[in-house]
Amino acid sequence: MRDVAIIGVGMKKFGELWEQSFRDLFVGAALEAIKDAGVDHIDSMYVGCMSSGLFVGQEHVGPLMADYLGMAPVPATRVESACASGGVAVRQGFIEVASGMSDLVLVGGVEKMTDVGGDEATYALATASDQEWEAFNGVTFPGLYAMMATAHMHKYGTTCEQLAAVAAKNHENGSRNPLAQFPMKITIADVLDSVMVADPLHILDCSPITDGAAAIILCPADLAKKLGKKAPVKIIGSGHATDTIAFHQRADLTALPAVSKSASIAYKMSGKTPKDIQLCEVHDCFTIAEIMVTEELGFVEKGKGGAAAEAGVTALGGKMPINTSGGLKSKGHPVGATGVAQMVEVTRQLRGESGERQVKGARVGMTQNMGGTGASSVVHIMEVM
Amino acid sequence: MPSARAWREYPRRYRYEAAVCKKCGKWFFPARLICDACKSTEFETKAMRRTGTILTHTVIRVPAPAFADQAPIAMAVVAMDDGPRLTAQVVDYQAAQLAIGQKVKLEFRKISDEGAAGVINYGYKVVPV
């Protein structure tokens, strides 16, 4: 297996981007990544996208994007794993370069979510749950994560204030990210005063509906050196795992076994432990998700995720900065793009390009991207070469 | 929902039929073709007892479109006394009964109505006992 490096990243501002089409979102980010890498061609490409069929009535996304990127006839593959589509696409690109099949691989993620109304978006997102045995009976995605929160509060004493502290922290980080959809700062009181979506989750505990895309360029580490790229970043660990599609089938409703499994695979491959990680982008689709994921990744003890957020452990300048980009909460969550956008953030942090939100001296970073209620999870660990 | 898709699940939604592994005895709801515990493919069909316990819960205030006329709706994950778990709406309850540990039973109810061009979906909801 060859070592794999990231030599280019691209991402435009996330938001409600009415003037940009599905394909233009993707191509905009991809062109930026190609320019950043300074390459004149790619050998292959992957597109992470969850539900373009329901959001814009478009399937056959691989060739569409290769065509509009001016790269046809390169092979182009669309990857779907609900909200983990982007992260799983990154892993497919990583495998293709590591295997020796291709040298220059573009991995992009994209979702165009605001061409439909709220009801249709809720329906599309619910397809990441068990359609026949969860959604059929009336549960929504906020409802499923709300039930995780209820269980976590009951078992560990996690509070609404601790959930709100996650949102406030991520908006604080997002206020320093010019590409964030909602860069305004919010307080714990703002979260607690906001409308209840599914008890105990308020609207400000939830990530938003977003249009956006992100892209990276992968190549063998040897080639990255030969091309003389500025500060190439190596992917030193990649882990991917699955779990029951229905939340109710989990033996422990306060655990996310696919997250811990995907992390342990990535830790083992990289030879790193949680103590070596200097920053991490995690899948905070809801505030309770960030709390549970920080526990599963081994950054805090089980049941202490809420207290850690409240105490500032996971803030910028804290012991373990989580979601320096603002996370899904403030940066926005175009579902298929999220896993790739996380890679863009960590790469820029490791290059020292993150301005006001830079983690000083960061050399090792991590991403964790999750589908559904944790039925899929993918983790990547990166290090400065 | 196409009528065939609704019809094929009637044994589960109307009669709570589960599959019980003939080799290791594990219950599955809904039925599966292979046991995830012992990998056997031999099952016996048995109806679940209707009783169970709430493991976690929420009240959904922003519902899916098909449930707009029922909102807010209480939902729970329920551990059935025979072992399987399911997600169901909680109905006919007092506030204090929407709680972890509350005993419930399955009842046959209308779930959603797809309007003039669709089917009326029936299935199970749970009520406190």
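**The interface and the salt bridges**

Chain B and chain A bury about 2,700 Å² between them, and 60% of that is on carbon and sulfur atoms. Buried area here is the accessible area, taken with a 1.4 Å probe, that two parts lose on being put together, summed over both. On the chain B side, B:Arg13, B:Arg85 and B:Thr87 lose the most area to chain A, together 21% of what that side buries.

A word on the source. This is a predicted model, in which local features need pLDDT of at least 70 and side-chain atom pairs count only at pLDDT 80 or more, while totals for chains, interfaces and linings use all residues. Residues are numbered from 1 along each chain as its sequence is written, chains are lettered from A and ligands numbered from 1 in the order in which they are written, and side-chain values use heavy atoms, with hydrogens and water left out.

Back to the interface. With contact meaning heavy atoms within 4.5 Å, 33 residues of chain B and 28 residues of chain A take part.

How many salt bridges are there between chain B and chain A? The count is three, a salt bridge being a side-chain nitrogen of Lys or Arg within 4 Å of a carboxyl oxygen of Asp or Glu. A:Asp199 forms a salt bridge with B:Arg61, and their closest N and O atoms are 2.7 Å apart.

Over all chains, the structure holds 30 salt bridges. One of them joins A:Lys272 and A:Glu383, with 3.2 Å between the closest N and O atoms. A:Lys272 lies in the loop between helix H10 (257–270) and strand E9 (279–281) of chain A, and A:Glu383 in strand E11 (residues 376–384) of chain A, so the pair ties together parts that are 111 residues apart in sequence. Helices (H or I, at least four residues) and strands (E, at least two) are DSSP runs, numbered from the N terminus.

Is A:Lys272 buried or exposed? It counts as buried, at 19% relative accessibility, whereas A:Glu383 is partly exposed, at 22%. The cut-offs are under 20% relative accessible area for buried, over 50% for exposed, and partly exposed in between (1.4 Å probe, protein chains only).

Also in chain A, the side chains of A:Arg351 and A:Glu353 meet in a salt bridge at 3.4 Å, N to O. A:Arg351 is buried at 13%, and A:Glu353 is partly exposed at 36%.

In chain B, B:Arg12 and B:Glu9 form a salt bridge at 3.1 Å, N to O, and both residues are buried. Salt bridges that share partners also join B:Asp92, B:Lys105, B:Glu107 and B:Arg109 into one network.
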